[in-house]
Amino acid sequence: KLLANVVAGQEVHQQWGGVIPELASRAHQQQLVPVIDAAMKKAGISVHDLDAVAFTRGPGLLGSLLVGTSFAKALALASGCKLIAVNHMQAHILAHFITDAEERAKPDFPFLCLTVSGGHTQLIRVDDPYAFTVLGETIDDAAGEAFDKTAKILGLPYPGGPLVDKYAQLGDPKAFTFPIARIPGLDFSFSGLKTSFLYTVQNGQKKDVLFAENHRSDLCASMQFAIVQTLMKRLNEAVVQTGITRIALAGGVSANSGLRQELVRQASEKNWTCFIPPFAYCTDNAAMIAMAGHFKFLRGDFAGQDVAPLARYPLSGF
């Protein structure tokens, strides 16, 4: 049961329009001890009450992973508790099993999970808490990157995804037509979609310098519609191929209102059972790492003091 979930944001990246790895690492160093101290106090426990400490081994920015890994090793060594290395993407999926004050249905196995974030877009079959099969993933850019690029082209501040969602709710999703990539299998592609959006804005600005500003809501709505349709198209194909109708969303982009609404609509229409995480467990958070750590603890899957972070960490490497 979740006792505390303390998250520290990093506003330092906003002025640069994206995450600066070195600044992210330094912010981790500055915030890690105060955040863990706050979490311990909120939970009403001390380090001596811990049976294990779970940490993100990867994937992610190596500098930030090094900070977290080093601290987790030190904490485990100092308190005498176990060390658990977690795959970040698996943790997003297992966030659906967090137990807190709110009563929520949890998916039965097997289920399909559409995991969408700034760096990843994947369709995953989950057969149990330890068995993940990637059915499809992006061959270039992730859905979250497409949202952030859209925001950047329109002159919106970083992180742009939530702002695109906000303006999209005020616009017409059919005002502009953007392409949906046709590629083999269940993989995704968003690079062509980003290019099409850029050219649409550039061509519009040749006739009207205020084109992006005057059509902001319609542009956001149309782009969001194309991204969501791309995701849902592949999800539908995965359901047909596997016969699995239990569908979960995970990752930062699972907070997007358009994607949530479309999944609920199609689930009702096609008799799927869908599971959508609370907003607190969509973006990166400590609770999901703890949840994945809990399953590995039950299995006795512990790491040694020689464990090293991995910037690239395949989903199958649980």
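This is a short tour of the structure, stop by stop, with something to select at each one.

Before you start, note that this is a predicted model, in which local features need pLDDT of at least 70, side-chain atom pairs count only at pLDDT 80 or more, and totals for chains, interfaces and linings use all residues. Residues are numbered from 1 along each chain as its sequence is written, and side-chain values use heavy atoms, with hydrogens and water left out.

**Stop 1: the sheet**

Switch to a cartoon view and look for the open sheet of five strands, in the order E5-E4-E3-E6-E7 with mixed pairing. Strands (E, at least two residues) and helices (H or I, at least four) are DSSP runs, numbered from the N terminus. Two strands pair if DSSP finds at least two bridges between them. At the edges sit strand E5 (131–137) and strand E7 (273–275), each pairing on one side only. Neighbouring strands of this sheet are turned by 25 degrees against each other on average, direction ignored; the axes behind such angles are lines fitted to C-alpha atoms, for helices over the stretch in contact, and angles run from 0 to 180 degrees between N-to-C directions.

Now select E3 and strand E6 (residues 246–250): the two run parallel and are joined by four bridges. Zoom in on Leu-112, which stands opposite Ile-247 in E6.

**Stop 2: the aromatic rings**

How many aromatic pairs does a search of the whole structure find? The search finds 10. Rings of Phe, Tyr and Trp (its six-membered ring) pair if their centres lie within 6.5 Å; planes under 30 degrees apart count as stacked, over 60 as edge-to-face and the rest as tilted.

Select Phe-97 and Phe-111: their ring centres are 6.3 Å apart and their planes stand at 50 degrees, so this pair is tilted. The pair links distant parts of the chain, as Phe-97 lies in the loop between helix H3 (88–94) and strand E3 (111–116), while Phe-111 is in strand E3, 14 residues away. Buried or exposed? Phe-97 is buried, with a relative accessible area of 10%, and Phe-111 is buried as well, at 0%. Here buried means under 20% relative accessible area, exposed over 50%, and partly exposed in between (1.4 Å probe, protein chains only).

Next, pick Phe-188 and Phe-190, a stacked pair with 6.3 Å from centre to centre and 10 degrees between the planes. Both of these residues are buried.

Then show Arg-299, which lies over the face of Tyr-130, at 4.3 Å from the ring centre. A charge sits over a ring if NZ of Lys or CZ of Arg is within 6 Å of the ring centre and within 35 degrees of the ring normal. Elsewhere, Arg-260 lies over the face of Phe-279, at 4.2 Å from the ring centre.

**Stop 3: the salt bridges**

The structure holds 11 salt bridges, each a side-chain nitrogen of Lys or Arg within 4 Å of a carboxyl oxygen of Asp or Glu.

Select Arg-26 and Glu-22, whose closest N and O atoms are 2.9 Å apart. These two are four residues apart in helix H1 (residues 21–43), and therefore separated by about one helical turn. Arg-26 is partly exposed at 46% relative accessibility, and Glu-22 is partly exposed, also with 46%.

In helix H9 (residues 257–270), Arg-265 and Glu-262 are three residues apart, again about one helical turn. Their salt bridge brings the closest N and O atoms to 2.7 Å. Arg-265 is partly exposed at 41%, whereas Glu-262 is buried at 12%.

The side chains of Lys-296 and Asp-301 meet in a salt bridge of 3.7 Å, N to O. Lys-296 is buried at 4%, while Asp-301 is partly exposed at 27%. To finish this stop, show Asp-100, Glu-102 and Arg-104, which are linked in a network of salt bridges.

**Stop 4**

Select helix H8 (residues 216–242): its 27 residues, at 1.5 Å a residue, should span 39 Å, and its end C-alpha atoms are 39 Å apart, which agrees. The expected span is 1.5 Å times one less than the number of residues. Following H8 comes Gly-243, with a positive phi near 75 degrees.

Last, find Ser-196 in helix H6 (residues 191–207). Ser-196 is buried at 19% relative accessibility.
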